[in-house]
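Student: Hi! Could you walk me through this structure? I'd like to start with how the chains meet.

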Protein chains: 2
Amino acid sequence: MISVHLEAGEVSVRQQAKPRRPKGHALLRLLCGGICNTDLELQRGYYGFSGTPGHEFVAEVVAAESPKWIGKRVVGEINLACGHCDWCARGLGRHCPNRTVLGIVKHPGAFREFFTLPEGNLLEVPTGVTTDHAVFTEPIAAACQILEQVRIPKGTAVAVLGDGKLGILIAQVLAVDGAKVHQFGRHKNKLAISEKAGVIGEMVNGALPVGAYDYVVDATGSAEGLRSAIAMTRPRGTLIMKSTVAGLVSIETAPVIVNEITLIGSRCGRFKPALDLLRRGKIHVEEMIHGRFPLAQAAEAFRQAGTRGTLKILLDSQ
Amino acid sequence: MISVHLEAGEVSVRQQAKPRRPKGHALLRLLCGGICNTDLELQRGYYGFSGTPGHEFVAEVVAAESPKWIGKRVVGEINLACGHCDWCARGLGRHCPNRTVLGIVKHPGAFREFFTLPEGNLLEVPTGVTTDHAVFTEPIAAACQILEQVRIPKGTAVAVLGDGKLGILIAQVLAVDGAKVHQFGRHKNKLAISEKAGVIGEMVNGALPVGAYDYVVDATGSAEGLRSAIAMTRPRGTLIMKSTVAGLVSIETAPVIVNEITLIGSRCGRFKPALDLLRRGKIHVEEMIHGRFPLAQAAEAFRQAGTRGTLKILLDSQ
């Protein structure tokens, strides 16, 4: 049985025994995985990660505590919380200090034929949502998280900076929610995907508007992007920080304070709203799939995913 | 008639004619002014300022459109808004894009014997509040602004970083509002002032607590302080950015995003709640007065105010 292994920047494929199923966990057989920018960052050495990566997946349940799961096609929330601390009691297991995270922190990931996850983390993929589309549940959930943190009145103009994978999903999710989304990017073909969901694509060829939006989302993953996002936010406006920038970022604090801007860090979200959007066919993901490889060719898949301009690369179990 | 002049870092005193009173303005005679860190920053060349500084003041009204003001002892809001734009219509003249700011942006300041301000900006100083204490209205209002932006439940532990002038006032205002305030600083004598208002002083001699507070206020004015403040904030917590740092500040974005922290820039506030606190004798300001000089010795006053460890320096009209 095949398992992808990441160590010191090298992606390799190993033979691995079927994992033991811990109590309360389901044993899952991978159907399809998606390579995320976080996986590429793990490859670059962030978090000192070594092991099996992968947290975007669709799988089939092959064994479980509760028989109702057997044979179901599922996605799964990636944070494994302790279930006992104050955070867990508040329903915020995503912030549990004892958590492990599938394929990111102290829990082997989904890029292997068989892996395990607590049954409480699983959600069935609705009939009518293809496996290829359901792989996008996790990043769509991350986009939906914005709506749990910030109430954006319908019809409000929102700027989304960046036209990478996450930017495209965020722009679509906010547009479907009723915002008037302007997405700023440098790739006509990528902006064209969001435009199908009613987003207004804005090709960036120079200066960006200043103090122009009450809501701005930074999904650029760059220091320059974050600085532009601050400058684009109107006084008393809200800037949602959605993509981390590796290392230190230099910003000016004066405009944040003088204009009384609110910056909100935003990470993972609940899967249910994301699956609902997919079921309703509201989010255009098909056009985001730029390639697919079998698990055995994971090294090539990672190389392709890391190539400039590439959107989603999928990994099939066979 | 004497006027303080600031240009290219030099403080001088000039003779100046009594200013003409524009329509809707009151002509004010300075009783007492306070030197603020912003004044020292103007001296260091920020904003390319040249002219009369001063925005913390108590004055007597000597001429006005409306006779009710004549002879009154007043303080005054420092932002001069246009009164016609959307911001002004929303009662947010402090963010009016056409605003000038007393002694900071395109409006001569209060460090002169006579100056003018719109009558709408004035508030009478209540009987029972001394002129020396009323000079603190503006910075106390800035501290009170936090309470307009963030609802802090009574009894909640709040960390205030910094024991400079603004930090001492913020710590006291939040404590009086019912929070359990821990103020982190490096000066026992300064922390002792806040402690009189029920603040818990925490002398910093090494590592600060990490992920320990749901509410953190940065009033250090330093890049290191802002970084510490981010580290001290619990997941889902709120960090109020109250002091600007000159130039660029390097921060890590990952903890902000992973822990979903909210950062809120906070600037000036309304004067009314500040005057109420002074009237009720809740804020200890007397101990913050470290010296006083007549206007004619403004250069020496600025020198003293800029000396390490100095809190408030007052300027008397005579």
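Student: Do the copies meet through the same surface or through different ones, and why?

Tutor: The copies meet through the same surface, because 100% of the interface residues of chain B are also interface residues in chain A. Keep in mind that this is a predicted model, where local features need pLDDT of at least 70, side-chain atom pairs count only at pLDDT 80 or more, and totals for chains, interfaces and linings use all residues. Residues are numbered from 1 along each chain as its sequence is written, chains are lettered from A and ligands numbered from 1 in the order in which they are written, and side-chain values use heavy atoms, with hydrogens and water left out.

Student: Okay! How many residues does the contact take from each chain?

Tutor: Chain A gives 37 residues and chain B gives 37 residues, with contact meaning heavy atoms within 4.5 Å.

Student: And what area do they bury?

Tutor: About 3,200 Å² between chain B and chain A, with 59% of it on carbon and sulfur atoms. Buried area here is the accessible area (1.4 Å probe) that two parts lose on being put together, summed over both. On the chain B side, R236(B), I257(B) and E260(B) lose the most area to chain A, together 19% of what that side buries.

Student: How many salt bridges are there across the interface?

Tutor: Zero by the rule, which asks for a side-chain nitrogen of Lys or Arg within 4 Å of a carboxyl oxygen of Asp or Glu.

Student: Which element of chain B gives the most to that side, then?

Tutor: That is β16(B), with five residues. Strands like this one are DSSP runs (E, at least two residues), and helices are runs of H or I with at least four, numbered from the N terminus.

Student: Which strands pair across the two chains?

Tutor: β17 of chain A, residues 262-265, pairs with β17(B) in the antiparallel sense over three bridges; two strands pair if DSSP finds at least two bridges between them. In that pairing, L263(A) stands opposite L263(B).
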